[in-house]
Amino acid sequence: MTGNGEVIETSAPIGDAVKTTTCYMCACRCGIKVHLKDGRVRYIEGNPDHPVNRGVLCGKGSAGIMTQYAPSRLRAPLKRVGPRGSGEFAEISWAEAMDIATGWLKAVRETDPRRLAFFTGRDQSQSLTGFWAAQFGTPNFAAHGGFCSVNMAAAGLYTIGGSFWEFGEPDWEHAKYFMMFGVAEDHDSNPIKIGLGKLKERGAKFVSVNPVRTGYSAIADEWVGIRPGTDGLLVMALIHELLRTDRVDLEFLVRYTNAHWLVVKNPGGADDGLFARDAEGKPLAWDRARGAMDAGSAELSPQIVGEYELPDGRTAVPVFQLMAERYLSPDYAPEKVAATCGVTADRIRRLAAEIADIAFNHTITIEQPWTDTLGRRHERMVGRPVSFHAMRGISAHSNGFHTCRALHLLQMILGAIDVPGSWRYKSPFPRPIPPGPGPAGKGAKPNTPLAGNILAFPHGPDDLLVHDDGSPIRIDKAFSWDAPLALHGMMHTVIGNAGAGDPYEIDTLFMFMANMAWNSAMNPGEVVRCLTETREDGEYRIPHVIYSDAYFSETVPYADLILPDTTYLERWDCISLLDRPIGSAHGPGDAIRQPVIQPDRDVRGFQEVLIELGARLGLPAFVQEDGSPRFKDYPDYIINHQRMPGIGPLAGFRGDGTKKGVGEPNPDQLKMYIENGCFWRHHLPPEQLYFKHANKAYLDDSKAMGLIGKADQIVLQIYSEPLQKFRLAAQGHGAKQPPEAQRARIATYCDPLPIWYPPLEQQQHDVSGFPLSAITQRPMEHYHSWGSQNAWLRQIKGANKLYMNRVTASRLGLQQDDWIWVESRNGRVKGQLALMDGVNPDTVWTWNAIGKRAGAWNLSPDSPEATRGFLLNHVISEWLPAQEAAYRFANSDPVTGQAAWYDLRVRVTKCAADEIAQTDPHPATLQRPPGMQPAPALVREPGT
Amino acid sequence: MTELPPPSAKKLGLVIDLDTCVGCHACATNCKEWNAGGHLKPLPDFNAYSAGAEGVWFNRVHSYEAGEGEDGRTVHFPRSCLHCETPACVTVCPTGASYKRAEDGIVLVNTETCIGCGLCAWACPYGARELDEDEGVMKKCTLCVDRIYNETIPEPQRQPACVITCPVGARHFGDLGDPASKVSQLVAARGGFDLMPELGYRPVNKYLPPRERPAPNPHPPAEAAPTQMDIANPLLRWLDRALSR
């Protein structure tokens, strides 16, 4: 008998309980079902009912059990007892930890709240953390968006009222042609993978524009191996071709964009480049018969080219003309850009023709009537099935804002925004452009909250956070003339600025979940120097550092007080519409995390701690009138906090449980979320699924749900007036003007139409000795530092090499596995070489954040992560090369402050034969915190 | 030596689409997670947090390039037991521990009677056998035999863990012995192939090849010949265009 009569139990229950919650192994927020057995996690699977992942789960999420049981988990609050960096800590009680934190923070708040810099890394609770910072009264708050993807968010929100990834998605069901720019295997993860599977099944064409052919690009029907930082030029050449061949959706442009709005032409005047407006402030257009009239009028037959005299005698031209003049210029002809982009002119022309063919000759029609904001009924929805997606690859450049705007412009001239088959808004987007008032942060005073949102939307120079002399109010210089639209702050400059006392010194640096002493820093060595530098009196230059993390990261040894966080399976959380929701094109949604197991360590969820700190500090929103705590815990806050009457952290199950968006707090709200799989979603009716920016029923319902303040049409902005306002200031107009040294920079980069320029760093030093672009990407199975402590994920990738095109390597005399130095203007790092065909010949790349500092994450110092893995960060700088008057600009996009990680240029040389085969820099081995046991050599079963 | 049962009518197996696999390793880690507590548990990890980390995995993904230069491809290739119809790993087994099920064709190991001699690993040309050095027994893909018949699991999820978790939908499970099954039809439609058929082990699992890349649009829309006016000032063509909102 085969198998010697083995009898297999095929119907044993998976565990003894199953609970739903939300994954946090990366930023996607997939729904998961966690099976428990004997109080331990047995199996985590995707929740089939969840709108984000619909049952699937990626390589990271499926390994969550090993992150839950990682031996690098912090065990108890820690107080530093040796010098910073020594790793000498004492375990303390939570009572002592909270007393210490309260003492430091109270002293700051009573004197000068700006001296608290509160930066929360990969925070998914910014609606709470940002609110807490405003209540504290410091303008110095942000999460990690400034070094992640603010170029995408800012360009999208100032152009189309939505953006890629979180605020929009391709129409996976209908797109016939999909073009993806610079997506480094994530952002987002499962929804893109699900979507690509659908596209492929339908036989849609998938074009990937990316210097590297891995991951998603590997399954593209066409790979365009572009040179990094030139995507904007390629997009403008596509626009040039579409204009040249007159393949433009003019009807879409005049209905839904500002193409026909009139722009005042008055060179040197204070109104030059602003929209011509009527007495009520409504933008004007030129009607063929009636002359200047309201650009939003239904009866209008607008002119899109020509020069017109306004009733007041001024001259104006339509936006379309300005756009067409610019992009029809020979500067954007395919022949002109081909060499710079590394894409042939023939190919650019062919791509433009293919896109136009699908958009204009292969339209799709959904027989679904809808009504627009002018009250006109349309019998059907006609779509242009060309869809785009873009992410880090264009975002992480100092020209990324304009590149992303150019991409949105391309979508607009194709008529491919929120129509069947195109890119679509994820509700609650679109939002008005810009989405709200300017940032709070002016006039910080002791013991006084700031009114408004700290991270918000400047409409012009008056909204900047600068003093009268133009100097920055914020420690990171966000919303200053250095980066006027730094919507997500600039976490990458905080420690360097604080270390230099520029613009001022701070007292306490309070961080959550950001590995700033290692892979989250553009230059880890410099960050460590700033964190350990002392003043003449022996005090650290940044006197207090509080850090909250669940794990023993490289940043832990540099903090004075560690507040150990829980794992994602041990916590409450709220994925809020007030922050970064999980909506889709099918409707808005939000979600929670619930604790599915109890911590076996003396740890507390960071948000819980923050709420208690708020009460201890007497922050008005966190205390009752008698000074006692307003919320007993985080769930109490989630349920009962109201930002505005009826609007709280969660939009679902409000009031009696049936109200959506707006409604009084419901004591059973969390219970109802749990019963619903830990998420809530609202399904849009079919008439609201497309044209959301001008769909009356959609906008009316959104307003009723509190998602937007007004139900007006959201007119897409080809020409951006806020940018022109900054430019006018730089030209000497208005009360708020940039310092002299910054006028030219603002005037150049705050162009109201998208421009392309070589990345700033490359303009500002001699790159002839650094012939290669160097970029990174995240592997799909790791999410930054969160992966390498995971016993399974580190087996898949435990070290990284530098990938180089075979032809390039041959020219340089380099071979597979050679130890090499990667050198930039900032320094050098040692690693090993790997050769491949699928990479642009002028580009090298490596996996991000695989390299670890020896001893960190409770990995043995002999681990490949520490001996062979390396960080490209060691050769990046957070500053641009020194400029005139020695002013130090961040190595960032000049509009948004987005960290320009991918502007790096390097040379690669072979190590000498006698150099040891180990990465360098190789900082000293970190010491394990007290109480943390050595990691086991053998893991038999997860968690044993 | 172990005998094979008579060929079963039912041949359960996987169909893996190389056209859509992006190499995310979801199938590998979800398999590991399921099976770490499943029928053949445990799946130990040695040197889990140091140099030389190496564990037992039933499913591994390999990535490589095929072809040269820009015309080449990056291929992600998931590899697990193919549940062969004539598996040498079974016939070489000296104890009968390695066996093929008569009822559905799944190849399994009875770890109670496996002596860890490793002959099956030598015999398997696909590298699908995994020695648990801690217990000293051989382990391998069970096709999630403890999931696919499991009535405590909702019916749509009664599939191998690697299949239900695959985000791009590149993995399919079914009866390849039934020509009418979805998986058989997929194989027929897409030209599914056997891995190394020349060896004669007749794998049940099939791979679907990458699709032909669509040729550049053979009928690009003809460009209108520019008029003299267009050449002089291309903006003028839009001057008389009557547009309505």
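Helix axes here are lines fitted to C-alpha atoms over the stretch in contact, and the angles between them run from 0 to 180 degrees between N-to-C directions. Helices (H or I, at least four residues) and strands (E, at least two) are DSSP runs, numbered from the N terminus.

The structure is a predicted model, where local features need pLDDT of at least 70, side-chain atom pairs count only at pLDDT 80 or more, and totals for chains, interfaces and linings use all residues. Residues are numbered from 1 along each chain as its sequence is written, while chains are lettered from A and ligands numbered from 1 in the order in which they are written.

**Helices around α16 of chain A**

Let's start with helix α16 (residues 606-616) of chain A, whose axis comes within 11 Å of that of helix α3 (residues 126-136) of chain A, crossing at roughly 20°. That angle makes α3(A) roughly parallel to α16(A), as angles under 35 degrees count as roughly parallel, over 145 as roughly antiparallel, 65 to 115 as roughly perpendicular and the rest as oblique. The crossing of these two, α3(A) and α16(A), is left-handed, meaning that the near helix is turned anticlockwise from the far one by less than a right angle; clockwise would be right-handed. On the α3(A) side, the contact is made by L128(A), T129(A), W132(A) and Q135(A), and on the α16(A) side by Q607(A), L610(A) and G614(A). Residues are in contact if their C-beta atoms, placed from the backbone, lie within 7 Å. This contact of α3(A) with α16(A) has three nonpolar, four polar and no charged residues. In this scheme Ala, Val, Leu, Ile, Met, Phe, Trp, Tyr, Cys and Pro count as nonpolar, Asp, Glu, Lys and Arg as charged, and the others, Gly among them, as polar.

Helix α2 (residues 94-111) of chain A also packs on α16(A), at an angle of about 55° and with the axes 10 Å apart. The two helices α2(A) and α16(A) are therefore oblique to each other, and their crossing is right-handed. Here M98(A), A101(A), T102(A) and L105(A) of α2(A) meet E612(A), L613(A) and R616(A) of α16(A). By class, the contact of α2(A) with α16(A) has four nonpolar, one polar and two charged residues.

**Backbone details in chain A**

| Cis peptide bond | Omega |
|---|---|
| D502(A) and P503(A) | about 10° |
| D920(A) and P921(A) | about 5° |

P503(A) lies in the loop between α14 and β23 (508-512) of chain A, and P921(A) in the loop between β34 (905-910) and β35 (938-939) of chain A.

**Chain B and its partner**

Chain B has seven helices and 11 strands. Its C-alpha atoms fill a box of roughly 90 × 50 × 40 Å along the principal axes. Between the chains, 91 residues of chain A are in contact with 80 residues of chain B. Elements giving two or more residues to the chain A side include β3 (40-46), α5 (190-202), α11 (345-361) and β35 of chain A. That side of chain A, touching chain B, has 41 nonpolar, 25 polar and 25 charged residues.

Technical notes. Two residues are in contact if their C-beta atoms, placed from the backbone, lie within 7 Å.
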